[in-house]
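Here is a short report on one model. It covers a pocket, a surface patch and salt bridges.

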Amino acid sequence: MLTPVTDADGAPFWEYAARGELRVQACADCGEPRFPPRPCCPRCRSFASEWRPVPGRGRVWSYVVPHPPLLPGYAEQAPYNVVVVELAEHPRIRLVGNVVAHAGARLDSVDPGRLRIGARVRAVFSGGLPQWVLA
């Protein structure tokens, strides 16, 4: 399984995910949510930030099914999906992950034929990684 490479800006995202919480960075001055995390607000240029919880509802904005798998360690789980999820609460925020049958399920637990652009999903967590299930 891949593990995230963290930096100072993104480390809180992974710390919250390890606790089963989906949070996004937001400007503490103007309130603009942003992802990926970064030191400066793209809207007002403030360096003040905070991490706000989000419900974790969204829709599949895009997806691919790699053929063959791009990473050898994932070959036994092929075919699997990789999705880009647009958060319902913050449509400009998009997260990459996988749609699975339930938290901790194998990457191939959802038939790729069930995926559609616009499908509603919700966040679940396994091993500190956000995943998605069909809503």
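## Pocket lining

Helix H1 (11-18), strand E6 (94-97) and strand E8 (129-134) each supply at least two residues of the lining of the largest pocket. E8 gives the most, with 4 residues. Helices (H or I, at least four residues) and strands (E, at least two) are DSSP runs, numbered from the N terminus. This is a predicted model: local features need pLDDT of at least 70, side-chain atom pairs count only at pLDDT 80 or more, and totals for chains, interfaces and linings use all residues. Residues are numbered from 1 along each chain as its sequence is written, and side-chain values use heavy atoms, with hydrogens and water left out.

The lining has 27 residues in total. Leu2, Tyr74, Gly97, Asn98 and Leu129 lie nearest the pocket centre. By class, 19 lining residues are nonpolar, 7 polar and 1 charged. Here Ala, Val, Leu, Ile, Met, Phe, Trp, Tyr, Cys and Pro count as nonpolar, Asp, Glu, Lys and Arg as charged, and the others, Gly among them, as polar.

## Pocket volume

The largest pocket holds about 720 Å³ of space. A pocket is an open set of points on a 1 Å grid over the protein atoms alone, where a 1.4 Å probe fits, with protein on both sides within 12 Å along at least five of seven lines; lining residues have an atom within 4 Å of a point. Grid points are joined across faces, edges and corners, and the volume is the space filled by probe spheres set on the points.

## Nonpolar patch

Leu2, Leu70 and Leu71 form a nonpolar surface patch, with about 320 Å² of accessible area together. Patch members have over 30% relative accessible area and no salt bridge, and nonpolar side chains (Val, Leu, Ile, Met, Phe, Trp, Tyr) are joined within 5 Å. Areas come from the Shrake-Rupley method with a 1.4 Å probe; for residues, only the protein chains shown count as cover.

Leu70 lies in the loop between strand E4 (57-64) and strand E5 (82-87). Its relative accessibility is 72%, so Leu70 counts as exposed (over 50%; buried is under 20%, partly exposed in between; 1.4 Å probe, protein chains only).

## Salt bridges

The whole structure has 9 salt bridges (a side-chain nitrogen of Lys or Arg within 4 Å of a carboxyl oxygen of Asp or Glu). Arg19, Glu21 and Arg23 are linked in a network. Glu21 pairs with Arg19 at 3.5 Å and with Arg23 at 2.8 Å. Arg19 is exposed at 55%, Glu21 partly exposed at 26%, and Arg23 buried at 19%.

Glu86 bridges to Arg94 at 3.3 Å. Glu86 is buried at 11%, whereas Arg94 is partly exposed at 33%.

Definitions and conventions. Patch = residues over 30% accessible without salt bridge, like charges linked within 9 Å, V, L, I, M, F, W, Y side chains within 5 Å.
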